[in-house]
Amino acid sequence: MARHAPARNGWVVWLTFAIGLLLSVSPLPQFMEIFRPLWLALLLAFWALALPHKIGMVTAWMLGLAEDVLYGTLLGQNALILTLITFLVLSLQQRLRMFPMWQQCLVILVIFGLAQLVQLWLSALTGNRQPTLALVLPALVSALLWPWVSYGLRGLRLRLKIN
Amino acid sequence: MLVVLSVAVMVVDARFTLLKPVRSQMSLVLMQSYWIADLPERLYQGVASQFGSRTELAAENEKLKTENLLLQGRLQKLAALTEQNVRLRELLNSSALVNEKVEVAELIGMDPNPFTHRIIINKGERDGVVLGQPVLDARGLMGQVVELMPYTSRVLLLTDSTHSIPVQVNRNGLRAIASGTGNPERLELRHVADTADIKEGDLLVSSGLGQRFPAGYPVATVKEVIHDSGQPFAIVRAVPTAALNRSRYLLLVFSDGRSPEERAADAAQQQESLDRQAADPAAVPSTTVPSAAPAATPNKPVVPATVPKPAATGHNTSSAPAAAPAAAPASSTPAATPAKPAASKPPAHQPAKPAAPKPVAAPAATHEREE
């Protein structure tokens, strides 16, 4: 819309990413651990849709590396997955923006589910295979959370005119 | 391109140690987020302890006191038992038990991946933590350090499905391997013969055979033993004694990183020096004994005060060594005072002789002080 407008309040984006990193390691009760949403992926998906000129795959890759360090996985594993998610979102971006919310949720579910399957594949390659397909549950939870994240961040974006 | 890059990075990270510094530098910043994520819990505890009522504190204090008393009581026995154990080991010529040093660490985060059992503690490379270091809590073994960061480290718990630990049954020394199952309340003993003497309630302690964990720490108690005729081995399930998902304060065990041979050699040397030390004090008392005997003789007259003869024989034997330190009494007056009442009894008929026992008693007293 305002291509000539100077970039402003960019720090808010990074603040949300920082909060996302915190949320992704925040302690949860034992039974809820397997439902932990993919916070970083959700935030990346939203910002990639909203500000595709600023948030791209490089950002996703860096955040993924950070997540790898936090999780103690192989460096690059989560980076690969977040890059994949961002790639899919960016390639569907034009259509995704037109979709009603419930369709967006479905698309998010598919994308995140795919990413989690790649995650499963990678961790099987590195030797610690998860025993169940419960791994796909976070994708489901994330898809259910998508409307709230989406509306919340959109409100924030309009309020602060993040560009 | 980023995909290729991340695959390359993954391979490099898996195969080489090239990226270790990068990871440790990044962790320096990022590990703070565990700390921050833990902050609400910490704050809550701080507030709770601030506003904890007086009666609660008093009750807790009471409880801790009784617990302390119980532990102290057990400790008294422990000293004697340790001593006995050392002596028995000497008799058997087996190597001495290594006394491990421990340091307290605090849990700062759980691994977010629900399928692995790993925790993050607030001690890292800069605190002297090493890879593979065993971690305990108050009740038993918890796991080992698998990843080092500058100020934090990651601990793999016993119950992780990729973890196994060599154990033995405390009751009879039967050896087995306890593997994690991915369930925080369960370990499984692998390849235990159907006829093995193991039953419900047995305590499993670490056997130290893997040379990673120190021997003798409690690991788990056997919960059930299932004999299935269709299976080649008995199914043995055990519950870890450590509160793996509840402990907040952990103990890092610093045992020396020497090889067993070096350790044995060192232990032998230590034993030798100990023997020598034991021999030296033995030499010292041998010199003091003759002087102590006359020192004791002044006490004797308390009983045979009516019979001056034993006192006199004492003076006679002591008069020879007492010839030289005649000048000593001036400096040894405080030491000699206890001898005086005893010495003052014989002087009734021989005032010259008490001078002889005095200097002898003084060196004996000083000897005892030096020791």
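Predicted model: local features only at pLDDT ≥ 70, side-chain atom pairs only at ≥ 80, totals over all residues.
A crossing of two helices is left-handed if the near helix is turned anticlockwise from the far one by less than a right angle, and right-handed if clockwise. Residues are numbered from 1 along each chain as its sequence is written, while chains are lettered from A and ligands numbered from 1 in the order in which they are written.

Helices (H or I, at least four residues) and strands (E, at least two) are DSSP runs, numbered from the N terminus. Start with two helices of chain A. Two packed helices are described by the angle between their axes and the distance between the axes. H1(A) covers residues 10-25 and H3(A) covers residues 57-71; their axes are 11 Å apart, at an angle of about 30 degrees. Axes are lines fitted to C-alpha atoms, for helices over the stretch in contact, and angles run from 0 to 180 degrees between N-to-C directions. H1(A) is therefore roughly parallel to H3(A) (angles under 35 degrees count as roughly parallel). The crossing of H1(A) with H3(A) is right-handed.

Which residues meet? A:Phe17, A:Leu21, A:Ser24 and A:Val25 in H1(A) touch A:Leu63, A:Ala66, A:Glu67 and A:Leu70 in H3(A). Contact means C-beta atoms, placed from the backbone, within 7 Å. This contact holds six nonpolar residues, one polar and one charged. Ala, Val, Leu, Ile, Met, Phe, Trp, Tyr, Cys and Pro count as nonpolar, Asp, Glu, Lys and Arg as charged, and the others, Gly among them, as polar.

Now look at where the chains touch. Here 29 residues of chain A contact 33 residues of chain B. H3(A) gives the largest share of chain A's side, seven residues. That side has 17 nonpolar, ten polar and two charged residues.

Move to chain B. E9(B) pairs antiparallel with E6(B) (residues 164-169) over three bridges. Strands pair if DSSP finds at least two bridges between them. Three bridges also join E9(B) to E10(B), again antiparallel. Follow B:Leu204 in E9(B): B:Val169 is its bridge partner, and so is B:Ala220 in E10(B).

Finish with B:His191, in strand E8(B). Most residues other than glycine have a negative phi. The phi of B:His191 is positive, near 55 degrees. B:His191 counts as exposed because it has 12 C-beta neighbours inside 10 Å (exposed means 12 or fewer, with C-beta atoms placed from the backbone).

Conventions. Parallel < 35°, antiparallel > 145°, perpendicular 65-115°, else oblique. Contact = placed C-beta atoms within 7 Å. Buried ≥ 20, exposed ≤ 12 C-beta atoms within 10 Å, placed from the backbone.
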